[in-house]
Amino acid sequence: MRAKLEILALVLGTIGLVGTIAVTTMPMWKVTAYIGPNIIVMETMWEGLWMACIRQADINMQCKVYDSLLILPADIQAARGLMCTSILLAVLAVLVSVCGIRGTECCHDDTRGKNVVLLVGGCLFVLAGLATLLPVSWSTHSIVQDFYNPMVVESRKREIGQALYLGFATFMFLLVAGVILLCRYGPRHRKDEEENKSYIPVEKDKVGMSVLGRIPSYDSYRKNQYV
């Protein structure tokens with residue numbers, strides 16, 4: 001059961017890694033909000049971390065990479081760095097967790113080393129999840145704040161895109177994977193210590209028995225006492 005939980009955490013963490021990469025590359029962070037009186041929708045505009053895309057009714061979608069980083073709002077600039085950091089942490093978490101799972105060749109029979117590796121992998125998954133949650137929450141807050149701000153013109157108002165919803169789901173995958181590994185570290189660490197302690201008295205008994213076996217036995221009875 002312990003091995004199955006560790007494998008489950010690794011699978012969830014890998015899904016979180018794929019989700020983090022998808023959220024970072026998807027342009028659907030901000031979507032055009034149609035709140036005007038015109039019900040005829042001619043085009044849809046998407047804004048992401050790296051590019052902006054426009055899809056019209058009669059042509060295919062066209063995307064353009066941002067020309068300058070300085071023209072982007074603060075939430076997008078911060079989201080770039082945090083999402084790249086999240087991808088790096090998730091990759092390290094997957095690699096470290098693979099080394100800490102039972103049955104791997106890393107650390108061989110060093111159970112204490114595997115426990116420490118397992119703990120580090122769980123912490124990395126949690127940090128990767130937090131690094132994903134922060135930019136997603138910040139962008140969501142900015143979109144909602146601008147949407148209800150009467151000073152912002154309707155053409156500049158945006159709605160929450162699909163990438164942000166995927167970002168929240170990715171955070172949950174990474175968080176659950178990290179929590180599973182952290183929860184498995186405590187019982188596994190204590191059980192390994194109990195197993196190691198259980199062998200110590202046995203070894204001492206063997207040593208004592210070997211010493212007793214080497215002590216020569218002397219006959220305390222005299223020969224004249226025998227009949």
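A salt bridge here is a side-chain nitrogen of Lys or Arg within 4 Å of a carboxyl oxygen of Asp or Glu. By that rule, a search of the whole structure finds three salt bridges. The model is predicted, and the tour visits these pairs after a look at the overall layout.

**Whole chain**

Show the protein as a cartoon and colour it by secondary structure. There are four helices and five strands, and from the N terminus on they follow the order α-β-β-β-β-α-α-β-α. Of the 227 residues, 34% count as buried. Among contacts between residues at least 6 apart in sequence, 67% join residues at least 24 apart. Switch to a surface view: the protein exposes about 14,400 Å², and carbon and sulfur atoms supply 66% of that area.

**Confidence**

The mean for the protein is 78, and 70% of the residues reach 70 or more. Now select residues 194-212, where pLDDT stays under 50. For this stretch the model has one contact beyond four places in sequence.

**First salt bridge**

Select Asp-75 and Lys-30 and show their side chains. The closest N and O atoms of this salt bridge are 3.5 Å apart. Asp-75 sits in helix α2 and Lys-30 in strand β1 (residues 30-32), so the pair ties together parts that are 45 residues apart in sequence. Are the two residues buried or exposed? Both Asp-75 and Lys-30 are buried.

Next, select Arg-158 and Glu-47. Their side chains form a salt bridge with an N to O distance of 3.1 Å. Arg-158 belongs to strand β5 (residues 158-160) and Glu-47 to strand β2 (residues 43-47); the pair therefore ties together parts that are 111 residues apart in sequence. Arg-158 is buried, and Glu-47 is buried as well.

Move to Asp-67 and Lys-64, whose side chains meet in a salt bridge at 3.5 Å, N to O. Here Asp-67 is exposed, and so is Lys-64.

In soluble globular proteins, nonpolar side chains tend to be buried together. To see this kind of grouping here, select Leu-17, Val-94, Phe-125, Ala-128 and Leu-181. The largest nonpolar core has 18 residues, and these five touch the most other members. Helix α2 gives the most, with five residues.

Keep Ala-128 selected and display its surroundings. Leaving aside residues up to four places away in sequence, Ala-128 touches Ser-86, Leu-89, Ala-90 and Leu-174. Another core lies apart from the largest one; this other core has 16 residues, including Val-31, Cys-53, Ile-76 and Ile-143.

Finish on Ile-15, which is in helix α1. Why does Ile-15 count as partly exposed? Its relative accessibility is 40%, and partly exposed covers values between the buried limit, under 20%, and the exposed limit, over 50%.

Technical notes. Residues are numbered from 1 along each chain as its sequence is written. This is a predicted model: local features need pLDDT of at least 70, side-chain atom pairs count only at pLDDT 80 or more; totals for chains, interfaces and linings use all residues. Side-chain values use heavy atoms; hydrogens and water are left out. A nonpolar core is a set of buried Ala, Val, Leu, Ile, Met, Phe, Trp, Tyr and Cys residues joined through side-chain atoms within 4.5 Å. Buried means under 20% relative accessible area, exposed over 50%, partly exposed in between (1.4 Å probe, protein chains only). Helices (H or I, at least four residues) and strands (E, at least two) are DSSP runs, numbered from the N terminus. Contact means heavy atoms within 4.5 Å. Accessible areas come from the Shrake-Rupley method with a 1.4 Å probe; for residues, only the protein chains shown count as cover. pLDDT is the predictor's confidence in each residue, from 0 to 100.
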